[in-house]
Amino acid sequence: MRRLVAVAALLALCVALGACGSTAPAPTTSAQPVEITWGACDRTAPSAGFQCATMEVPLDYAKPAGPTVGIALVRLRAAGPGAKIGSLVFNFGGPGGSGVDTLLDAASAFRTLNGRYDLVSFDPRGVERSDGVHCLDPKPFEAFLAAEPSLDVPTQTRLLTEFAQACQRHSSAILPYVGTLNAARDMETLRIRLGDPKLNYLGFSYGTHLGALYATLYPGQTGRMVLDSALDPSVGLLEQSRTQAVGFQQAYQNYLADCARQDCPFNGNTAVLGLLAALKRKPLNVQGRLVTDDIARSAIAEALYSELTWPLLTQAIADGIAGDGAGLLNLSDSYSGRRPDGSYNTLQSSLVAILCADTTNRPTVEEAVDLAKEMTKKWPIFGPDVASAGGCSVWPAPGEDTNRHIDASGSGPILVVGVTHDPATPYEWAPKLTEQLGTGVLLTLKGEGHGAYGQNTCIDSLVNGYLLDGKVPDDGTVCP
């Protein structure tokens with residue numbers, strides 16, 4: 001259930017690991033800078049100030065003279081009168097989220113930082129413009145989303161295998177090389193080519209894993225780094241899925257309590273479960289598309305990423321009970337990356353490819369289904385998704401574990417931010433990542449939602465103070 005962090009994903013909604021070969025850090029700081037040729041972006045007018053480019057990097061860093069992959073970049077130059085610090089590189093999460101699209105949509109959320117930083121983001125390898133992983137065509141993909149997951153082992157195995165085989169047919173060349181280890185190497189190449197002496201970085205959700213690994217590989221090149229909504233890379237896929245399901249359940253219960261305080265138009269959890277049961281028996285038709293119970297569950301998960309989308313969920317559930325599934329479908333489409341023209345971005349396909357590349361821990365479909373059955377008895381909305389944790393067992397490309405070992409000793413302070421009621425990256429992962437880094441400083445927001453920056457003035461002040469002025473908060477600071 002990892003996705004774009006809430007601040008960026010919400011703005012977008014409102015406007016509508018490892019490599020094969022050597023694990024040695026590469027490139028080195030002795031690499032010669034190659035000038036990036038910036039030009040107009042295909043989504044914005046030149047007057048908007050954004051610049052885009054493509055940076056060629058080795059597909060396999062063990063073969064630097066071999067085939068390359070183009071990494072799509074976007075930049076918004078520093079706009080303030082103060083002294084420019086350099087570049088601030090973003091990863092907004094996923095794994096599999098487009099950094100180019102998200103920065104184009106959400107740059108206004110970082111205007112304070114843009115006063116002294118060039119804002120820079122990118123589509124990691126295997127994502128969107130950077131040779132994104134493609135699997136199923138839109139119609140089969142819609143059917144897959146509506147049918148998945150299943151708590152029947154043969155059916156779940158068939159669904160996951162068909163998806164994996166489609167990814168292999170369409171994206172076999174990139175699949176072995178999309179892991180976080182190579183993405184961190186690409187960020188080092190980006191730092192060199194931007195001409196920055198150190199990498200200043202703001203990573204959200206999965207981006208905290210990418211930033212932590214970069215700091216592990218290149219502690220001497222790590223500048224001011226903030227990791228918001230921390231992921232614990234050491235956690236195996238089954239435990240990760242279990243913990244996230246519990247996190248979403250807690251957020252759902254908090255949402256229902258808030259809805260009740262707001263004179264909720266439906267009878268709480270009883271009404272929601274009744275709607276899901278009705279959709280399982282007879283899906284709603286929205287302009288020829290079916291809103292199944294699985295579509296509705298993904299809609300609920302999407303809206304739980306931020307308190308700001310709770311009213312959208314309330315309206316969508318009330319409409320669904322009344323026989324109108326459009327609101328649920330819109331939320332689900334945002335979750336799955338569906339575009340207005342009916343095509344899909346690579347988010348969900350790239351997510352699976354990166355997760356599987358990042359680990360040799362590959363639970364079987366049977367193990368995942370057994371856990372999903374156990375959790376569905378307690379949490380019928382979020383338990384079934386645990387079954388997808390078996391997907392890497394049928395994945396066609398190998399995984400490796402280098403990226404799961406974090407130790408940034410030798411770097412400067414790294415600010416790790418956790419939200420106490422974060423559904424997607426539960427709070428318990430923030431202190432764990434802080435400890436693994438060795439140089440981590442923990443900052444806590446007592447609140448709801450996925451992503452702290454942009455949601456709370458206390459957090460914003462402390463993060464901005466660190467990134468702009470180098471002021472490091474006291475370890476253990478808590479914002480209300």
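This is a predicted model: local features need pLDDT of at least 70, side-chain atom pairs count only at pLDDT 80 or more; totals for chains, interfaces and linings use all residues.
Residues are numbered from 1 along each chain as its sequence is written, and side-chain values use heavy atoms, with hydrogens and water left out. Local features need pLDDT of at least 70 and side-chain atom pairs count only at pLDDT 80 or more, while totals for chains, interfaces and linings use all residues.

**Disulfides**

A disulfide is a covalent bond between the sulfur atoms of two cysteines. Here it is assigned to a pair of cysteine sulfur atoms within 2.5 Å. By this rule the count comes to five disulfides. Their pattern is 1-2, 3-4, 5-6, 7-8, 9-10, with bonded cysteines counted along the chain.

| Pair | S-S distance | Torsion and hand |
|---|---|---|
| Cys135 and Cys167 | 1.9 Å | 105 degrees, right-handed |
| Cys356 and Cys392 | 2.1 Å | about -95 degrees, left-handed |
| Cys458 and Cys479 | 2.0 Å | about -60 degrees, left-handed |

Helices (H or I, at least four residues) and strands (E, at least two) are DSSP runs, numbered from the N terminus. Burial classes follow relative accessible area with a 1.4 Å probe, protein chains only: buried is under 20%, exposed over 50%, partly exposed in between.

The link of Cys135 and Cys167 is right-handed. This pair links distant parts of the chain, 32 residues apart. Cys135 sits in the loop between β4 (117-122) and α4 (138-147), and Cys167 in helix α5 (residues 153-171). Cys135 is buried at 5%. Cys167 is buried at 0%.

The disulfide of Cys356 and Cys392 is left-handed. Cys356 lies in helix α13 (residues 347-357) and Cys392 in the loop between α14 (365-378) and β9 (414-421), so the bond ties together parts 36 residues apart in sequence. Both cysteines, Cys356 and Cys392, are buried.

The disulfide of Cys458 and Cys479 is left-handed. Cys458 belongs to helix α16 (residues 457-469) and Cys479 to strand β11 (residues 477-479), so parts 21 residues apart in sequence are tied together. Cys458 is partly exposed at 26%, whereas Cys479 is buried at 0%.

**Helix α10**

Eleven of the eleven residues of α10 (residues 293-303) are buried, so the helix is largely enclosed by the rest of the structure. Among them are Asp293, Asp294, Arg297 and Glu302. Thr292 caps the N-terminal end: a side-chain oxygen lies 3.3 Å from the backbone nitrogen of Asp294.

**Ser98**

Ser98 lies in the loop between β3 (86-91) and α2 (99-106). Ser98 is buried, at 8% relative accessibility. Contact means heavy atoms within 4.5 Å. Not counting residues up to four places away in sequence, Ser98 touches Asp123, Val127, Glu128 and Arg129.

Definitions and conventions:
A polar contact is a pair of N or O atoms within 3.5 Å; within protein, one must be able to donate a hydrogen and the other to accept it, and residues adjacent in sequence count only if both atoms are side-chain atoms.
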